[in-house]
Structure formats: C-alpha cells, structure tokens
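Have a look at the picture first, then read on.

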Amino acid sequence: MRRVFAVTALAGLLLAGSGCAGRNDDPFSVGFASPAPAGTSPTPAPTATGDAGVCARAKQSGSVAVQTYVQKLAEMLRAGGTGDRSTEKAAQRDAEAALTGWRDVLREQSGKATDPRLRTLLADLATEVGGLGTDVRAIDETEFDRLQQRLDQLCPA
C-alpha cells in the first residue's frame, strides 16, 4: 500500500507542474514545469541575465534528467512491488545517476554564469537536486518549485 501511495504522490508532484509547461508533447520538459530549449538550437534565445548558453544547457540537462529519473523511479517501484530486487536496485542506481549528472551540469553552468543571480540560483538548484533521492516522500516540492520559478524568471523560454 505504501508503494502505491508513493507512486501516486510522485505522479501528482510531477504532473502538477506539467500543466504549466505549455508543451503538449513533453510535460516533464525541465525541472517540473518549464519548457526546455531544443537540444539542437543553433543560437540560444536572449535571457534576462545575458547567459543564454548557460540557461539553455541548464534547462536541457534538467529535461533529460527528469525524464530519466521518473522512468527509472517508476521502474524501481514496479520491480520492488513484484519482488525483483536486482531490477529494483539497477533502476535505483540509474535514477540516482540521472540526478547526479544533472547536479554536475548545474554546478558546471553555475561556474560559467556571468550574472551573479543566475550563478547563485544554479548552485542552489544543484544543491537541491543533489539532495533528491529515490524516496518520493522526501522530495520537497515547494522548495524545488520556488527555485524552478526563479530559473524561469532569469531564463525565460
């Protein structure tokens, strides 16, 4: 019963932000809400901070990481529900690896940002992402949403 509740809570958390995404094809674009720039964008759009490349890379990495994280977390919970411990552990490792990769990109982009507000925000996001795990009950959606909104202000689509 707790696993069903955990899956429901995660789905609710992730889908709550997806209504704001504005992209019908990808509700988990970036973070939990914002549309990500296309991975093949030749020239990133101007931003409030002047760090278009940093914004594009941060958003794109978030899009990929969240998609992988959600898929692997669901796989982990399904495998745990059926007693398949090896698949459960492999999916957990993959979900954690997706978060680690995202955190590393956020840290890297924070170091490249010229705007101090964006630099601080990306460092804060990296810390928040680094604190996420595979325990859906421990996700602080309020703090993450607050940081995501700040990123949207500094890096509008």
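Let's start with helix α3 (residues 85-112) and helix α4 (residues 116-131), which pack at about 165° with their axes 8 Å apart. That makes α3 roughly antiparallel to α4, a label for angles over 145 degrees. Axes here are lines fitted to C-alpha atoms, for helices over the stretch in contact, and angles run from 0 to 180 degrees between N-to-C directions. Helices are DSSP runs (H or I, at least four residues), numbered from the N terminus.

A word on where this comes from: the model is predicted, so local features need pLDDT of at least 70 and side-chain atom pairs count only at pLDDT 80 or more, while totals for chains, interfaces and linings use all residues. Residues are numbered from 1 along each chain as its sequence is written, and side-chain values use heavy atoms, with hydrogens and water left out.

Next along is helix α5 (residues 141-154), whose axis comes within 10 Å of that of α4. The two are roughly antiparallel as well. Here are both pairs together:

| Helix pair | Angle | Axis distance |
|---|---|---|
| α3 and α4 | about 165° | 8 Å |
| α4 and α5 | roughly 150° | within 10 Å |

Who does the touching? Between α4 and α5, where contact means heavy atoms within 4.5 Å, the α4 side includes Leu118, Leu122 and Leu125, and the α5 side includes Phe144, Leu147 and Leu151. By class, this contact has nine nonpolar, no polar and five charged residues. Asp, Glu, Lys and Arg count as charged, and Ala, Val, Leu, Ile, Met, Phe, Trp, Tyr, Cys and Pro as nonpolar; the others, Gly among them, are polar.

Of its 30 residues, Trp102, Leu106, Leu118, Leu122, Leu125 and Leu151 touch the most other members. The elements giving two or more residues to this core are α2 (52-82), α3, α4 and α5, and α2 gives the most, with ten. Leu106 touches Ala58, Leu122, Leu125, Ala126 and Val129, not counting residues up to four places away in sequence.

Key: Angles under 35 degrees count as roughly parallel, over 145 as roughly antiparallel, 65 to 115 as roughly perpendicular and the rest as oblique. A nonpolar core is a set of buried Ala, Val, Leu, Ile, Met, Phe, Trp, Tyr and Cys residues joined through side-chain atoms within 4.5 Å. Buried means under 20% relative accessible area, exposed over 50%, partly exposed in between (1.4 Å probe, protein chains only).
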